[in-house]
Structures are given as structure tokens and as C-alpha cells.
Amino acid sequence: MTVFFDLDRTLMNFEVGEDLGIKTVFENYKNELKMDYEKFRSTWKDVAQKIFDEYSAGLHTFDEQRHLRVKKMFELNGVILDEVEVEKRFKLYWSNYEKGVGLFPDARDILENLRQHKIKTGLISNGDSSNQYWKLNKEKLTDYFNPIIISGEVGVSKPDLRIFEIALERAKAEKESSWYIGDSPVHDIEPAVKFGMNVIYLNRKLSGEKTICHQEKPVYVEVSSLDQAWECLKKYGKI
């Protein structure tokens, strides 16, 4: 049995850092902006996700997608920035983003539980290698995972099924006895289900302690926390 995890929004909560960065940029440049803070914040998140998806599809380099979100946000407010100013404003965002990134409170427990039961764990993450390893190292997570599959290293991104094939090959695991835990319906859940792995959809918006079992062979359940994910692994994985 091998359990693979997504990283961002599954184990790592980067949205606190994202909000801190966005707020700092807004406060420093609000005299240039047409949007109020809430509009600026929601638009930034939409723009950042769209551009990151384009990066994942190979349309931008990692540094380009970082700068593009800043450039686009100010263009939407009628401000045209040169590259020097884009870099300056991105650095302001990033220096504050770094302060807020951290593990979800329920993340380390499930990893420790799996380790104590001698169950192999792997990671499958979209993103740039240096950035993802920075997050892993910040929270001392690298020792939990073997293999660590990052799209920037292997040249293919979720939802492409090939990244799951690479992960299973490197783990020397069979899909029928492997599990995947992730938060994104598009990038995690749909491709993992299509690939034929047992899947736990981490939907932190699911109310209370509710757990939804969509199917049992292969298993596909929906949970609201990683604590519930552990209970599902015990039940369906027969730990």
C-alpha cells in the first residue's frame, strides 16, 4: 500500500501567505488602484490561478508566471509597469507571502500515523522544483515522502495521467493498492479517478464531520479533513 499526497491546499496552506502578500501590495499601491481591497484580492487569486494553469500547460516559465500576475493586476487597474517595477512589486508580494505559508493543522498527524504503520507515502505536486522544495524544507516534510514527483522536474503536470504513471513506477507500486489524496477536482480528483487509483477527495468546504462515499472499488470518498482521510484509510485500506 502506498499513499500519495498533493501538496498545495492539501498539506500546505499557502493562502494565509497569499493574502498577506496581496494585502501588502494593495496597501503600498492603493492610490494607483481602481479596485477596493476585496475586489483586488479576489481578482488577484483568479488571475494567479489562470496564469499558473497556463504555466502548468507549458505556456510560461515559472518566473514569467510570477511576474505576469503582477503585471496583469495593475493593467486591469489601468497601470502599465515596466519589468523593473514588476519585479519590485512581485518581491514585495513574495517577501510577505513567505511569512504566512505553513502546514494545515491536520497534516502532520496523518503523515506520522502512516509512518508509524510503516506505510509508504509519496508526493505528486504541480509547480517549480525549487519553490516546492522550499515549502517541504520549511516544514521538514521531505523525509516523509519517497518518491517526490514535481511537475517542474518530470516535465508533465496534473491533470495529465502520465504524472501518476511516473509516480507509481518510481514507488514500485500498483494502482489497485495505491491511494491519492488531493483537493482539486480538476487537477487531482478527476485524473486520479480516471487513472484507476483509490482516491480521497479533500474538500475542506464539506460541512462538519460528514464523509461521502461515492464508490468502493476503487474507493472514492470525499472528506472535510485529513483526520477523516486517515479514518477512511483505516477503514478501506484495512490498516
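Biologist: Is arginine 204 buried, partly exposed or exposed?

Modeller: This is a predicted model, in which local features need pLDDT of at least 70, side-chain atom pairs count only at pLDDT 80 or more, and totals for chains, interfaces and linings use all residues. Residues are numbered from 1 along each chain as its sequence is written, and side-chain values use heavy atoms, with hydrogens and water left out. Buried means under 20% relative accessible area, exposed over 50% and partly exposed in between, using a 1.4 Å probe and protein chains only. Arginine 204 has a relative accessible area of 30%, so the residue counts as partly exposed.

Biologist: Which residue does arginine 204 meet in a salt bridge?

Modeller: A salt bridge is a side-chain nitrogen of Lys or Arg within 4 Å of a carboxyl oxygen of Asp or Glu. Here the N to O distance is 3.0 Å, and the partner of arginine 204 is aspartate 106.

Biologist: How far apart in sequence are the parts that lysine 158 and aspartate 6 tie together?

Modeller: Lysine 158 forms a salt bridge with aspartate 6, the closest N and O atoms being 2.8 Å apart. Because lysine 158 lies in the loop between helix H7 and helix H8, and aspartate 6 in the loop between strand E1 and strand E2, the parts tied together are separated by 152 residues. Helices (H or I, at least four residues) and strands (E, at least two) are DSSP runs, numbered from the N terminus.

Biologist: Which side chain of opposite charge is nearest to aspartate 128?

Modeller: Aspartate 128 is buried yet has no salt bridge. Counting Lys and Arg as positive and Asp and Glu as negative, with His and the chain ends not counted, the nearest such side chain, 6.2 Å away, is arginine 66.
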